[in-house]
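Here is a note to read beside the model.

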Amino acid sequence: PSVPEKSWGYAFWNVFHDSIKNNSKISTGEIVQNILASDAGKAIGFSENADMPEGYLPGFSEDITGFKSATMFAPAASGYAFMGYVFELDDISKIDSFIKTLNEKCDLRWMICMTAEATTVGAYDNYVLFVMSPTNMP
């Protein structure tokens, strides 16, 4: 994706991309673990991550379906309006429509008291990274 260099999305995109490039059979959970272990992941203090079923996903106004697997990651404290997901799709031909759905159904105000300022969404192979976050890294 085209994102500013000093953004959370940019920092996580590189880890996401390299994880898949180095292991085409990697799970969404393993990709998220790589993100959490990165310098950017350590900076925000992530501790929450979970595999997510189709349906309600925090940060979206409607149910999200059409993926094979998904892992969510979020900061330990709610001091940041931040939510991230790594999705795996069975059918790579549906990536564009899945990304369109994510963009249309995301709710930057899902936390009520805070609003995310930016979204980053992009795909590599049959995986999708989706991040709602502050614009700049601290």
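1. Tyr85 has 0% relative accessibility, so this residue counts as buried. Buried means under 20% relative accessible area, exposed means over 50%, and partly exposed lies in between, with a 1.4 Å probe and protein chains only. Phe87 is likewise buried, at a relative accessible area of 0%.

2. A word on the source: this is a predicted model, in which local features need pLDDT of at least 70 and side-chain atom pairs count only at pLDDT 80 or more, while totals for chains, interfaces and linings use all residues. Residues are numbered from 1 along each chain as its sequence is written, and side-chain values use heavy atoms, with hydrogens and water left out.

3. The chain has four helices and five strands, in the order α-α-α-β-β-β-α-β-β along the sequence. Helices (H or I, at least four residues) and strands (E, at least two) are DSSP runs, numbered from the N terminus. Of the 138 residues, 48% are buried. Taking contacts (heavy atoms within 4.5 Å) between residues at least 6 apart in sequence, 61% join residues at least 24 apart.

4. How is strand β5 covered? All seven of the seven residues in β5 (residues 127-133) are buried. Tyr127, Leu129, Val131 and Ser133 point one way from the strand, and Val128, Phe130 and Met132 point the other way. In a regular strand, side chains alternate between the two faces of the sheet.

5. Which strands pair with β5? Strands pair if DSSP finds at least two bridges between them. Strand β3 (residues 83-88) is antiparallel to β5, with six bridges, and Phe87 has Val128 as its bridge partner in β5. Strand β4 (residues 118-124) also runs antiparallel to β5, with seven bridges; here Thr119 is partnered by Met132. A hairpin is formed by β4 and β5 with two residues between them, and Asp125 in the turn has a positive phi of about 60°.

6. The structure holds eight aromatic pairs. In Phe67 and Phe98 the ring centres are 6.3 Å apart and the planes stand at 70°, so this pair is edge-to-face. Phe67 lies in the loop between β1 (46-51) and β2 (69-75) and Phe98 in helix α4 (residues 95-105), 31 residues apart, so to speak of the pair is to speak of a link between distant parts of the chain. Both Phe67 and Phe98 are buried. Tyr85 and Phe87 make a stacked pair, with 5.5 Å from centre to centre and 20° between the planes. The cut-offs are as follows: rings of Phe, Tyr and Trp (its six-membered ring) pair if their centres lie within 6.5 Å, and planes under 30 degrees apart are stacked, over 60 edge-to-face and the rest tilted. One aromatic cluster consists of Phe60, Phe67, Tyr85, Phe87, Phe98 and Phe130.

7. Which residues have the most contacts inside the largest nonpolar core? They are Tyr85, Phe87, Leu102, Val128 and Phe130, in a core of 24 residues. A nonpolar core is a set of buried Ala, Val, Leu, Ile, Met, Phe, Trp, Tyr and Cys residues joined through side-chain atoms within 4.5 Å. Two or more residues come from each of β2, β3, α4 and β5, and α4 gives the most, with four. Another core, of 20 residues, lies apart from this one and has Phe16, Ile26, Ile31 and Ile35 among its members.
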